[in-house]
Amino acid sequence: MELISPDFGYIFWMTLAFAIVFFFIAKFAFPVIGKALKNREQKITEALEQAERTHEEMKNLQAKNEELLKKAKEEREEMLNEAKISSDQIIEEAKEKAKQEANRIMESAKESIGNEYKAAMTDIKNQIANISIKVAEKILEKELSKDEAQMEYIDKIIKETEEKMGDEKVR
Amino acid sequence: MRNWKYIVSLSFLICLIFTLPNFAKAENEQKEKFNAGEVIIEHILDSYEWHIFTWKGHEVSIYLPCIVFNEGKCYTFSSRNFRENEFYKTVNKTNSEELVFTIPHEGDYKGKIVIVNADGTQKRPFDISITKNVLALFISCALIIILFYLVTKAYQKRGEKAPKGLQSLFEMLIVYVRDDIARKAINNEKSVDKYLPYLITVFFFIFINNLLGLIPIFPFGANITGNIAVTAVLALFTFFITNLLGNKEYYKDIFNTPGVPWFLKFPLPLMPIIETVGCFTKPFVLAIRLFANITAGHIVVLGFISSIFIVAQISVAGGVGMSVFSLILAIFVDCIELLVAYIQAYVFTLLSALYFGMASKEHHKS
């Protein structure tokens with residue numbers, strides 16, 4: 001039964017060959033491969049951790065950004081509101097001022113009209129006085145000749161003057 | 001590189017086809033009856049020459065060197081001598097005594113080199129010839145070393161970058177042996193590092209040799225892992241590594257098994273005997289399992305192929321018909337053998353790892 005009886009020569013060569021293969025792998029190949037594998041695994045683990053951390057940071061950053069955006073929006077709203085308020089105020093003020101100015105102009109116009117009127121009245125009075133004096137002069141020129149005629153004439157003049165005055169007044 | 005799958009399967013097919021001429025030669029040679037059993041056993045066993053093929057009645061073989069020791073003297077000669085004549089005669093230079101070597105065709109030393117004494121009795125010398133299996137072993141070992149050298153170079157060159165080509169194939173298997181065999185069987189990381197180089201060597205040695213055994217053309221196709229000597233040496237390595245590197249805990253488990261009633265230990269040390277025998281049976285079973293599985297696979301494939309020639313002797317048409325049937329079956333069995341090649345490498349490595357795990361168990365306080 002050669003099949004199940006190991007041949008000594010073969011055992012000898014097998015031991016030698018296997019020992020050489022084993023020695024080669026254990027001494028030269030495996031240290032390099034094992035180290036490379038371990039290093040790579042470590043690197044991958046680190047990279048994964050790093051990614052996790054970055055992800056976390058990104059999340060934080062995003063949250064921060066959102067907050068900032070929200071804040072900015074709020075600020076803008078506030079600013080707009082303020083601007084509106086201030087513009088309203090300005091318009092209001094301007095309106096007020098315009099009104100005041102208009103009032104003032106009106107007032108002054110009225111005043112000047114009054115003044116004019118007074119001046120005119122004074123002028124009229126003066127003219128009336130002048131006319132009266134002139135009338136009186138003319139009367140005085142005529143009176144000495146006739147009484148009755150004198151009176152008639154006076155009346156006539158007064159009437160005329162009154163009419164004149166009336167005209168003027170109407171005017 | 002992308003087409004390697006096709007290349008592998010194609011070469012596999014071509015190899016199968018090449019098997020046929022090998023058997024045709026067996027038929028030519030004998031001219032008489034085709035003896036399937038003999039052909040198969042001839043393949044399974046070792047020989048002093050490597051028969052490659054027969055071309056028009058001429059055998060193309062590689063004659064390997066014979067190295068024998070007799071009474072402290074080394075004799076080396078080519079096995080071609082036995083092809084030309086039955087006996088090979090040489091003279092011992094010190095005492096001018098003539099030595100006659102031969103390879104008997106029957107008897108206890110069938111197929112082995114023996115010295116024929118003057119009285120006709122045969123004596124087996126100390127024989128470390130480079131036989132067919134030894135040469136195949138050297139070739140496969142060289143291949144393993146070259147492959148590992150290339151992979152190591154790739155690791156040195158690529159550093160921590162992702163593996164590429166051959167390197168990724170090896171990395172897959174190395175990481176598999178480490179994570180799914182060593183780390184599962186051995187419970188502390190320090191021991192894993194200690195045993196891992198051996199486990200990787202054993203795994204690749206068995207796996208690559210199993211695969212090479214399936215390729216029927218020279219320089220592969222020898223039945224390396226299906227030889228009891230090879231599996232025995234592998235098992236012995238596992239045995240020595242287990243027992244020499246075993247810790248106190250392991251020996252305590254053997255000689256004073258905890259949790260066993262005292263009467264199994266005291267007057268008759270039953271448990272220690274059983275445990276000690278167990279130490280030897282474990283590697284023994286390892287050797288037998290690998291040997292039997294691989295040999296059986298080779299025998300089945302050769303059996304299917306041989307059946308073509310057996311039928312062809314009866315009728316040529318039958319042989320043609322049989323060849324289709326047999327080839328399909330042989331391809332099927334070869335595919336199973338691919339699986340077996342991996343499974344046996346896995347089982348041997350896993351069981352070795354389990355024994356190492358037992359021998360390096362850390363003490364657990366429970």
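B:F69 lies in strand β3 (residues 65-70) of chain B, where helices (H or I, at least four residues) and strands (E, at least two) are DSSP runs numbered from the N terminus. The model is predicted, so that local features need pLDDT of at least 70 and side-chain atom pairs count only at pLDDT 80 or more, while totals for chains, interfaces and linings use all residues. Residues are numbered from 1 along each chain as its sequence is written, chains are lettered from A and ligands numbered from 1 in the order in which they are written, and side-chain values use heavy atoms, with hydrogens and water left out.

With a relative accessibility of 30%, B:F69 counts as partly exposed; buried denotes under 20% relative accessible area, exposed over 50%, and partly exposed the range in between (1.4 Å probe, protein chains only). Together with A:F8, A:F12, A:L16, A:I20 and B:F126, B:F69 forms a nonpolar surface patch with about 530 Å² of accessible area. Patches are made of residues with over 30% relative accessible area and no salt bridge, like charges being joined within 9 Å and nonpolar side chains (Val, Leu, Ile, Met, Phe, Trp, Tyr) within 5 Å. Accessible areas come from the Shrake-Rupley method with a 1.4 Å probe, and for residues only the protein chains shown count as cover. Helix α1 (residues 8-143) of chain A supplies the largest share of the patch, four residues.

Between the two chains, 53 residues of chain B are in contact (heavy atoms within 4.5 Å) with 35 residues of chain A. The buried area, that is, the accessible area (1.4 Å probe) that two parts lose on being put together, summed over both, is about 4,000 Å², and carbon and sulfur atoms give 77% of this area. Five salt bridges cross the interface, each defined as a side-chain nitrogen of Lys or Arg within 4 Å of a carboxyl oxygen of Asp or Glu. The side chains of A:K38 and B:D193 form a salt bridge with an N to O distance of 3.3 Å. On the side of chain B that touches chain A, two or more residues each come from β9 (126-127), α4 (132-158), α5 (166-185), α6 (189-214), α7 (228-244) and α9 (270-314) of chain B. The largest share, 13 residues, is given by α4(B).

Within chain B, B:N188 occupies the loop between α5 and α6 and is buried, at 15% relative accessible area. The side chains of B:N188 and B:S191 are joined by a polar contact of 2.9 Å; such a contact is a pair of N or O atoms within 3.5 Å, and within protein one must be able to donate a hydrogen and the other to accept it, residues adjacent in sequence counting only if both atoms are side-chain atoms. Beyond four places in sequence, B:N188 contacts B:S360 and B:E362. B:S360 belongs to the segment after α10 (316-359) of chain B and counts as buried, with 4% relative accessibility. A polar atom of the B:S360 side chain lies 2.9 Å from the backbone oxygen of B:F356.

Chain B as a whole has ten helices and nine strands, and buried residues make up 46% of its 366 residues. The C-alpha trace of chain B spans about 75 × 60 × 45 Å along its principal axes.
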